[in-house]
Amino acid sequence: MSFNEQFDQHGAWRREFALRLKLLSEWMKDHDLLNAAVEERLQRLESQVRSDKVMVAFVAEFSRGKSELINAIFFAGYGRRIMPASAGRTTMCPTELGYDADVPPCLRLLPIETRLKPQALMEWRMVPEKWTRVDLDVNDPVQLAKALEKVAEVRRVTKEEARALGFWHDETPEDNPRIDADGMIEVPKWRHALINIAHPLLKQGLVILDTPGLNAIGAEPELTVSLIPQAHAVVFILAADTGVTKSDLAIWREHLITEGDDNDARLVVLNKIDTLWDALSSPAQIQAQIDRQRATSAEILGLPMAQVIPVSAQKGLVAKVTGDDKLLKASCLPGLELALAQGVMGQRQKILRSAVAAGIVELRAEAGRVIHIRRRDLAEQMIELRGLRGKNDSVIKHMRSRIEQEHGEFNTSGAKIQAVRSIHLKLLREVFHLLGTPTLKTELAELTEALKQPGIKLGVKKAYGQTFSRLREGLQKARSTSAEIQTMLSGSFKQLNSEFGFSLQAPKEPQMDRFMEDLEQIERSHLQYLGVANILKLAQPEFSERLVRALATRLRVVYETALGEVELWNKSAASQLDAQLKERRKNFSRRIEAIERIQQAATGLDERIAEIDAHEQALTELDGKLDELTDQLVSAPASPHEPVPAAALTQAA
């Protein structure tokens with residue numbers, strides 16, 4: 001199965017899951033099973049599945065055939081090249097291809113001059129008016145391809161301008177671009193490009209990151225410390241005739257390989273194998289030559305040979321466009337697509353399904369508690385009513401008096417319940433403070449100051465280390481405070497259960513471990529970037545400021561996600577208490593109403609007992625249906641051909 005087919009199936013599964021989830025939400029609403037925590041969990045699950053993105057980053061030095069490979073894998077259906085792929089330099093600026101339904105098909109380009117300002121790329125995304133926009137006609141491949149040629153545009157600037165923009169370094173003259181006869185230097189016209197088109201794969205959540213060569217990658221810190229590390233797969237392209245060159249190795253070591261990271265998500269493509277198709281050599285000799293290059297490249301890059309895949313992107317594209325199966329097989333493109341499908345998509349599906357399954361288990365537990373409360377209240381009523389069989393009017397009056405007394409006592413117990421809430425919220429405010437944006441800004445202030453110092457920053461690694469130590473301490477403190485809250489909740493809930501017959505259960509506390517892992521990964525990518533190769537760049541104040549702002553942007557995402565987990569945890573505890581208070585008040589009303597009916601008619605007792613029996617039966621069916629619907633969500637098939645049993649869900653309502 002090709003990457004495109006596997007991605008189609010992934011998209012079909014996500015759409016199907018979102019539909020099942022929506023129908024489950026409606027069913028739960030109809031049966032009054034939606035408290036605040038259940039509703040929040042449903043919304044999060046739906047958002048997680050609908051907005052799940054899979055980013056594949058294509059990285060290479062110039063002229064390795066990277067854009068041609070993107071054309072061959074993703075855009076052959078247009079019958080021509082879409083991304084510019086001609087000899088020499090093509091993609092001059094980092095280019096993201098994705099789909100946003102709220103934005104019309106267009107190409108947005110951020111001028112290179114924005115590099116002279118301190119804002120991080122993520123911040124520029126929030127200012128659409130600063131981007132140059134070109135509308136795209138997705139139904140016209142010629143117009144589309146012509147418009148996308150703009151990503152290859154260049155500007156001629158003086159050496160001083162090139163230095164200010166980060167493309168000229170006096171200390172490393174061998175890496176500098178060529179000066180023309182007029183003393184001018186060519187630099188990219190654009191800093192970043194965003195392409196928004198409704199390509200079937202992009203609509204399903206695929207994001208393609210097409211990066212330029214070493215010089216451009218090094219000048220844009222966010223690429224190395226944020227975008228590339230967060231990609232679900234990195235495809236690194238080499239040329240089959242040259243193997244791993246010095247600049248290829250520099251990109252690999254400085255930007256792609258990080259100790260402690262999952263390097264299984266790195267695929268190396270040995271492109272342009274057609275340059276080895278020599279009419280004077282036998283197929284066996286050609287294959288032996290390709291195998292030697294694979295083995296040598298794998299050894300130099302420190303990867304298993306299976307992760308180095310030979311391909312001819314150009315022949316693969318031609319074969320797809322012309323329908324030449326023999327040429328397609330010779331291009332080896334299907335082998336790369338299979339590796340992407342099994343590796344990237346297989347892993348992504350596994351992670352998403354695991355997260356979804358955990359969310360469904362929590363959702364089932366939240367809704368199950370509501371059913372359990374109702375069932376327990378019905379059981380109590382049944383015991384009470386059966387105890388009234390054959391009893392005279394004075395006993396029934398005494399029962400009514402006792403219920404009213406219980407109700408009164410329950411109403412005066414609000415202070416005790418409020419005390420539990422008050423202690424809980426006090427501790428919770430401490431966690432919110434530890435994970436809040438002001439705290440994060442304070443922790444980064446020292447590092448920001450260190451990076452702002454003029455000249456060579458020899459102590460910058462130490463400043464990073466101290467900053468991340470403080471961040472880890474803060475997360476550890478948030479974790480220990482959460483554990484304290486959990487202990488307090490468990491004790492308080494146990495006491496309330498004993499005193500009021502509740503069935504409160506402290507929800508599972510937020511798992512801070514994964515945020516610690518995120519912190520470790522961010523620290524590794526930054527420390528790697530602080531190597532000898534970038535010491536001179538860090539001497540430039542504006543470059544350092546961009547680096548620390550990129551760090552702040554990425555850390556903010558981690559902290560906001562952690563804060564969201566804590567808020568959901570709090571909501572789950574509070575909504576349990578609210579739900580049980582609400583059900584208990586309803587229970588008192590139902591018990592008083594039953595006594596009144598029994599007092600008014602001799603048959604009232606038997607009727608009420610029969611009603612409770614019917615309610616218990618209905619609850620058993622409701623619980624069974626909840627099991628069935630949540631099981632369907634966890635085991636939703638990956639195959640796009642299996643229809644959603646919507647009728648079963650709507651009938652259940």
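This note walks through a predicted model of one protein chain, from the overall picture to a few residues.

1. **Overall make-up.** The protein chain has 653 residues, and 50% of them count as buried. Its secondary structure comprises 23 helices and 11 strands.

2. **Surface and contacts.** The accessible surface of the protein chain is about 29300 Å². Carbon and sulfur atoms supply 53% of that surface. Now take the contacts in the chain with a separation of 6 or more. Of these, 82% join residues 24 or more positions apart.

3. **Helix H1 against helix H14.** Helix H1 covers residues 3-30. Helix H14 covers residues 333-386. Their axes come within 9 Å and cross at roughly 10 degrees. Angles under 35 degrees count as roughly parallel, so H1 is roughly parallel to H14. Which classes of residue make up this contact? There are 16 nonpolar residues, four polar and three charged.

4. The model holds six aromatic pairs. One of them joins tryptophan 13 and phenylalanine 17, with ring centres 5.7 Å apart and planes at 40 degrees.

5. Tryptophan 13 and phenylalanine 17 both belong to helix H1. They are four residues apart, about one turn of the helix. Are the two residues buried or exposed? The cut-off for buried is under 20% relative accessible area. Tryptophan 13 has 3%, so tryptophan 13 is buried. Phenylalanine 17 has 0%, so phenylalanine 17 is buried as well.

6. **An aromatic cluster.** Phe58, Phe74, Phe75 and Tyr78 form one aromatic cluster.

7. **Arginine 364.** This residue brings us back to H14: arginine 364 lies in that helix. Its relative accessible area is 17%. That value is under the 20% limit, so arginine 364 counts as buried. What does arginine 364 touch, leaving aside its neighbours within four places in sequence? Its contacts are Asp623, Leu626, Asp627 and Thr630.

Key:
Residues numbered from 1 in each chain as written. Predicted model: local features only at pLDDT ≥ 70, side-chain atom pairs only at ≥ 80, totals over all residues. Heavy atoms only, no water. Phe/Tyr/Trp six-rings, centres within 6.5 Å; stacked < 30°, edge-to-face > 60°. Helix = DSSP H or I, 4+ residues; strand = E, 2+ residues; numbered from the N terminus. Buried < 20%, exposed > 50% of the residue type's maximum accessible area, 1.4 Å probe, protein only. Contact = heavy atoms within 4.5 Å. Areas by Shrake-Rupley, 256 points an atom, 1.4 Å probe, with all protein chains shown as cover. Axes fitted to C-alpha atoms, helices over the stretch in contact; angles between N-to-C directions. Parallel < 35°, antiparallel > 145°, perpendicular 65-115°, else oblique. Nonpolar A, V, L, I, M, F, W, Y, C, P; charged D, E, K, R; others polar.
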